[in-house]
Structures are given as C-alpha cells and as structure tokens.
Amino acid sequence: MTTTIGYDVVVIGAGPVGENVADRVVRGGLTAAVVERELVGGECSYWACMPTKALLRSASVLRAARQVPGAREAVTGDLDVAAVLGRRDSFASHWKDDGQVSWLESAGIALHRGQGRIASTRVVEVTGADGVTTRLVARHAVVVATGSSALVPDIPGLRESAPWSGREAASAPSVPRRLAIIGGGVVAAEMATAFAALGSSVTLLARDGVLPSAEPFAGELVTESLRAAGVSVRVGAEAVSVHRDDSGTVHVATADGDRVEADEVLVAIGRTPNTRDIGLETVGLAPGAWLAVDDTLRVVGGGEWLYAAGDVNRRALLTHQGKYQARALGDVIVARATGEKVEDGRWGRHAATADERAVPQVVFTDPEIASVGLTAAAAEAAGLRIRVVDYDLGAVAGSSLHADGYKGHARMIVDEDRKVVVGCTLAGPDVAELIHAATIAIVGEVPLDRLWHAVPAYPTVSEVWLRLLEAYGR
C-alpha cells in the first residue's frame, strides 16, 4: 500500500542546500518536505567541510605558535593525534544526525527517509529501508539537491584496490603510515597537508600540478610548503595502474615507470553528480548527468516545476555557493507560487549572479589560499582588458607582527575599462578571514577611486589593500 502526501515543495536531498531551500519556502508561508537517503546535514557536515577543517586546524594552530617567539618556547610537544581525531569526530557529530533532524522539526519541515525518485510531473516516490513507498505530490515545485560524489577514474585495478575518497579520508579512524594521493586539487592538497602533519608519509601524484585552477603563485607556494613538510610532490605524475596485494599494501604505477607503495590510496580528481537514481528519465533527462539550470535555478528542459541547486547544477561546487543558491531558489519558488514579481536580472533577488562573477573559496593548506572572482587567466579568457597588480604580503607591517618570517603574496585583477576589481587571490597564513573584503568589492563593483577611501586599520594584514592600490597607482 502506497501512502500519498501533498506539500507545496518537495526537496530531494537534505544536505545544507536542501535544508536551506526548505527553510526559505517555509519562511515564505509554504509547506515543504525533504527526502534523504543518508544523513540529514549532507556531505559537508559529516565527510567534507567540517571534519576536514577540524583535521587541519590543530596543526595550523601549532604552526602559528611556532612562528612567534615566546609562544614557540612554550610548545614542548607534537600533535596529539588521538585528540585531533576525537575533535574531528565531534564536529562530524559522531556521524549521527539527531541534531539536524531536531532542527528540521523545529523549522516545520517534514522529513522522509529513503531513496527519492521523480515518478512523474511534481511527484516524488520515496522508498524506505523497509521497502515501503511513500508518494509525495508537490503543488508548486520539486527541487533536486542531491549533491555530488567523488569521481573514481577508470585506472586499471583502482576500484578493486578499495581506494579512499574524500569521505574515507575525512572519517579515517586512524592515520595510515603511508598515504598516496592521486590528484592535485583542493581535496588532494588539503588532505596531504593534514595527513603529513598527523604523521603519514604522503606521496602526492599531481598530474596537472598543485591547485591548477588557482593563480600559479598559489600552487607554487603550497607545493614548496608541502615538500618542506616532507610530502613527496610529483608534479606531472600520472597513475596508470593500481594494485593492492595480499598484505594490504597498495602499489601505484605511474606513466613514467615509477612505482609508489602505500597503505592507503586517496583518489581526489573531481566530482560526479548524484543524479543516477533519482528518476530523471521520467521527465526526459539523462540519469547521471549534471543538471543545467537558468539563473533562477530552474532545470533546462525539466519543466517549470523542476529546479536544481548545489553541486548537481555544476555552477559552483562549494557549500557556501550552494546555500546562496538555495536562498535565492527558495525565494523565487515562493514568489512564483504567490504571484509576486520575479527579480531575475543581474544581481536580482532571485538570480544566482555570484556563481559566475564572485565565487569565494579558501583552501586550508599551509599557506592558506583565499580567492574570489576571476584569476588573471580566466579574466583574459573572458575577453576583459585587465591589469594584474601583485604585492608581497609578507612586506605588510601587520604580517610581520602576525608571524616571524611571514611568507605570502597578494594579487588583484582590475577591469581596466570599468576600473573595478574582478578578482583577488591571497596566499599566506590566516588569509581566510581577509577574503570577504575582496568579495564585497567585487559584488558591489566598487570603483577603485572609492576604494581609496576604505582605510585599513594599522597594523593589520588588511593593509595589503592599501598597498595594492598604491601599486596600481592613483
């Protein structure tokens, strides 16, 4: 027997994106239900953002103390690995979602556990662990917010070798003596940083280099730091086969004939959308594909009732951007349901404009890499007439106070036709907290002439803004 229940909005996926969509529509006066096959709270809460940053934080604090005389002398030991893993476990709520479920209840959002599949127009069928199916009928919208999973490439022997993805790395109960990492992007660089600090002998096979999508100086600084920490960074190395022998040792062969032995191998080369088993074929869309959307996040070719937010639409695979999309999406669903005016123009209330023009990101390596907007290469590819302004972040007075031997770099990308900042990258200890100023400048399209009047406090690292403007010239 199938039970049928009606809601104004049904959201498939109860991660941070799905939760925010549901919250916005409920705040707007509609009813909402979320469908979740795993843990409420999603990837970020249990296997990504929170636990990985908890793994990285203790080593970061220790490095910071050792860079300041007086504090350095007070540090008498190394990291307590068990304590680091314990703190990580607490940030992952010990992989239990009771707190998140309680929040859903307090927000007036219904939860249906199980695999959600689109069955027909505005209809989602949920199959629970007991095999019972519940039919959810959405009066206004169905939202796909199922996120993404780690991409495992077709390298011979890799799948049979039981590789780690970011999930296994984030939730590892112990630290492997030897860790091989295939990839050089954000997850690869962060996990190399974390596990090297925790005592692993790490080999990083970075075929395309370290942080290849960032400004080149960012990848160079992180590569230098990883090597100083004992990581074997092999730029250009491509894994061509993997084998785990009977003793448990993993053997990774590279295209240049080299061989790496490790206790675990982490694959971190990209993501694939979680859309293979959600019923896309019933509405004429391809299962397993990324979902193209318009600026109000309505799925192209999916009908006026179907939306997609977060990783699945491939606009910006970052939790904070997914939550940004969710707020705009929840509001536009309410607007369309109640007959309000839809503001979908550039920077409009219901448009996710920042996905293309002002995406901030922090890579929690040593040094931290904080960026927003366009790199120089991306700006040139977009046809902009730009000027690149660089400054030594270590030369700022606040940096020298922050840590002895502070090493970093700052880059500002200026659109010369409009005289506004369109991109910024900062590399250095603790630059994560500096990037929002750049985000505001880019989103607000603040003219450089006006930025001169935004005076940074002295002596702070934020004084780099004044130095960048001086380097640009008044």
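**Close-up views of a helix pair and a sheet**

**View 1. Helices H1 and H9 pack together.** Helix H1 (residues 16-27) and helix H9 (residues 319-338) meet at an angle of about 25 degrees, and their axes lie 8 Å apart. Axes are lines fitted to C-alpha atoms, for helices over the stretch in contact, and angles run from 0 to 180 degrees between N-to-C directions. Helices (H or I, at least four residues) and strands (E, at least two) are DSSP runs, numbered from the N terminus. H1 and H9 are therefore roughly parallel to each other (angles under 35 degrees).

This is a predicted model: local features need pLDDT of at least 70, side-chain atom pairs count only at pLDDT 80 or more, and totals for chains, interfaces and linings use all residues. Residues are numbered from 1 along each chain as its sequence is written, and side-chain values use heavy atoms, leaving out hydrogens and water.

**View 2. Residues of H1 and H9 make the contact.** Contact means heavy atoms within 4.5 Å. H1 contributes Pro16, Val17, Asn20, Val21, Arg24 and Val25. Among the residues from H9 are Thr319, Gly322, Lys323 and Ala326.

**View 3. Three strands form an open sheet.** The order is S11-S12-S13, with antiparallel pairing. Two strands pair if DSSP finds at least two bridges between them. Strand S11 (239-244) and strand S13 (259-262) are the edges; each pairs on one side only. Neighbouring strands of this sheet are turned by 20 degrees against each other on average, direction ignored.

**View 4. Strand S12 pairs with S13.** S12 covers residues 250-254. The antiparallel pairing runs over four bridges. Val250 has Ala262 of S13 as its bridge partner.

Note on methods:
Angles under 35 degrees count as roughly parallel, over 145 as roughly antiparallel, 65 to 115 as roughly perpendicular and the rest as oblique.
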